[in-house]
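The following exercises concern the reading of a protein model.

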Amino acid sequence: MPIRPVLTFPNSLLRKRAEPVKKIDNEIMNLIKDMKDTLTEASGVGLAANQVGVLKRVIVISNSPESDIIAYINPEITNRKGKRTVTEGCLSFPGYSGIVTRSISVSARYMDESGGRVKITADELLSQALEHEIDHLNGILFVDHLREHEKLSAVDPEYRPHNHDINVSIKVQNNQYESEFNKKLYTKIGIDDLKLALDRADILKDVEQAND
Ligand code: NI
């Protein structure tokens, strides 16, 4: 299982636009295989090639624990319907989540691993994942979609969206969040830089102590 290290915010490759895949050659097939292995190791929903440092338009999504991970090559959203508010995280922000606005459903087209051209309409998690991962290929991150009054939260089992009276503090969260993600995927420098960058960007939510 060759897993590839996952880049964390604010790595500049996460802000680059990925290039279309012209030919599905061995290099692309190896990339897809490694991305699937990396996503499995991360127990994540989706991964874009930028996140493993490759600027090619390839994403992989695990739509449900039971189904296979699917690779989408040169994916494009062709239509969006409706709006909904969802809690979202990203493997490049390990241990954090935020509330964003996403479509209720999307239509997309892409190329599959055998070069076939596919059109799909997706809702629920797949719709959200397609929007999130295709954003990555355009250098857009989920923190760009944070609702104006919202900031990122450290992932906490008791965390509920839109509940602003949560009984945790950042310090406690830091201890908890260390165990919330697979550290094997990241470098220590990446994790330290992420914490610093989030502090600097002022997008970490100050969670108040509220025991009642
Ligand atoms: Ni992501």
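The exercises below, each with a worked solution, refer to this predicted model.

**Exercise 1.** Determine the order of the strands in the open sheet of five strands, and state which strands stand at the edges.

*Solution.* Step 1: the order is S1-S2-S3-S6-S7, and the pairing is antiparallel. Step 2: S1 and S7 (117-123) each have a single partner strand, so one side of each is left without a neighbour in the sheet; these two strands stand at the edges. Step 3: from one strand to the next, the twist averages 40°. Step 4: helix H1 packs on the sheet, where it touches S1, S2 and S3, and its direction makes about 35° with that of S2.

**Exercise 2.** Describe the pairing of strand S2 (residues 58-61) and the covering of its faces.

*Solution.* Step 1: S2 runs antiparallel to S1 (residues 46-48), to which three bridges join it; Gly46 has Ile61 as its bridge partner in S2. Step 2: S2 also pairs with S3 (residues 70-81) in the antiparallel sense, over four bridges, and Val58 stands opposite Ile73 in S3. Step 3: in a regular strand, side chains alternate between the two faces of the sheet. Step 4: Val58 and Val60 lie on one side of S2, Ile59 and Ile61 on the other, and all are buried; both faces are therefore covered.

**Exercise 3.** Decide whether Ala42 is buried or exposed, and identify its contacts.

*Solution.* Step 1: Ala42 belongs to helix H1 (residues 26-42). Step 2: a residue is buried if 20 or more other C-beta atoms lie within 10 Å of its own. Step 3: Ala42 has 21 within 10 Å, so Ala42 is buried. Step 4: not counting residues up to four places away in sequence, Ala42 touches Val6, Leu91, Asn182 and Leu185. Step 5: Asn182 is 140 residues apart from Ala42 along the chain, yet their C-alpha atoms are separated by 6.1 Å.

Technical notes
Residues are numbered from 1 along each chain as its sequence is written. This is a predicted model: local features need pLDDT of at least 70, side-chain atom pairs count only at pLDDT 80 or more; totals for chains, interfaces and linings use all residues. A residue is buried if 20 or more other C-beta atoms lie within 10 Å of its own, exposed if 12 or fewer, and partly exposed in between; C-beta atoms are placed from the backbone. Two strands pair if DSSP finds at least two bridges between them. Two residues are in contact if their C-beta atoms, placed from the backbone, lie within 7 Å. Axes are lines fitted to C-alpha atoms, for helices over the stretch in contact, and angles run from 0 to 180 degrees between N-to-C directions.
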